[in-house]
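Dear colleague,

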Amino acid sequence: MPNYDPQLLARAARVRLLALDVDGVLTDGRLYFDNAGNEMKAFHTGDGLGLKTLQATGVTLALITGRSSDIVTRRAAALGIRHVYQGSDNKLDAWRDLQAATGIADDDCAYAGDDWIDLPILSRVGLAISVPNGDEAVRKRAHWVTPRAGGEGAARDICNLLLAAQGHLDPAIARYLPS
């Protein structure tokens, strides 16, 4: 386990809901289009395993993104993420809807974002997370910045932190070791 700050671990131990921005956190933030105008996104497979593992421990997952994309709908479905808010120009409205749906208080939530549009949520949650490729204003206001960039394993870093803080990381890894 990495050498996490004790205050960070205390915040992470409380998390019952993890919400993530998509572009810039689950992806590298670049938008790809083919000649027909079809949008493409690249997701990190390690993030997927981490998110599924975290969800299996009882942590609720959500995606809140300013763009709308069928790709995000498919990725969320593949990961079993039920709470998906797309086309959210005002992410705080989506956040309020999510809280109404889950009943989970701000202090028991983590949110990961990379740009100014994420600041209203980041300023409310118990664990505010950014990525190293996020805007400086966002990184400065985060409780933690992931070691890896968005789209390069940042979500896995978040999952590993939460799993470690909640005592689930070693058992999760042990499932894959020979007995």
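Asp157 is located in helix α8, which spans residues 154-165. Please bear in mind throughout that the model is a predicted one. The relative accessible area of Asp157 is 9%, so this residue is buried, the limit for that class being under 20%. Leaving aside residues up to four places away in sequence, Asp157 is in contact with Tyr4, Trp144, Thr146, Pro147 and Arg148. Gly50 lies 107 residues from Asp157 in sequence, yet the C-alpha atoms of Asp157 and Gly50 are 8.3 Å apart in space.

Helix α8 also packs against helix α1, which covers residues 6-13. The two axes come within 8 Å and cross at roughly 85°. This angle falls in the range of 65 to 115 degrees, and therefore α1 is roughly perpendicular to α8. On the α1 side, the contact is formed by Leu8, Leu9, Ala12 and Ala13, and on the α8 side by Leu161, Leu162 and Ala165. Sorted by class, the contact of α1 with α8 comprises seven nonpolar residues, with no polar and no charged ones.

The nonpolar cores may be of interest next. The largest nonpolar core has 33 residues, of which Leu18, Leu20 and Leu127 touch the most other members. Helix α8 gives the most to this core, namely eight residues. Leu127 touches Leu8, Ala12, Leu161 and Leu162, among others, when residues up to four places away in sequence are not counted. Further contacts of Leu127 include Arg11, Val15, Cys109, Ala110, Tyr111 and His143. There is also a second, separate core of 17 residues, and its members include Ala62, Tyr111, Ile121 and Val125.

Gly48, Leu51, Lys52 and Gln55 of α3 meet Arg75, Ala78 and Leu79 of α4. The contact of α3 with α4 is made up of three nonpolar, two polar and two charged residues.

Asp70 is also placed in helix α4. With a relative accessible area of 60%, Asp70 is exposed. Between the C-alpha atoms of Asp70 and Gln86, which are 16 residues apart along the chain, the separation is 9.8 Å.

Finally, I would draw your attention to Glu39, which belongs to strand β3 (residues 39-40). Is Glu39 buried or exposed? Its relative accessibility is 17%, so Glu39 counts as buried. The side chain of Glu39 makes a polar contact of 2.8 Å with the side chain of Lys41. A polar contact of 3.0 Å links the side chains of Glu39 and Arg67. Apart from residues up to four places away in sequence, Glu39 touches Leu31, Tyr32, Phe33, Arg67, Ser68, Ser69 and Ile71.

Yours sincerely

Notes. Residues numbered from 1 in each chain as written. Predicted model: local features only at pLDDT ≥ 70, side-chain atom pairs only at ≥ 80, totals over all residues. Heavy atoms only, no water. Helix = DSSP H or I, 4+ residues; strand = E, 2+ residues; numbered from the N terminus. Buried < 20%, exposed > 50% of the residue type's maximum accessible area, 1.4 Å probe, protein only. Contact = heavy atoms within 4.5 Å. Polar contact = N/O pair within 3.5 Å; in protein donor to acceptor, adjacent residues only side chain to side chain. Axes fitted to C-alpha atoms, helices over the stretch in contact; angles between N-to-C directions. Parallel < 35°, antiparallel > 145°, perpendicular 65-115°, else oblique. Nonpolar A, V, L, I, M, F, W, Y, C, P; charged D, E, K, R; others polar. Core = buried A, V, L, I, M, F, W, Y, C linked by side-chain atoms within 4.5 Å.
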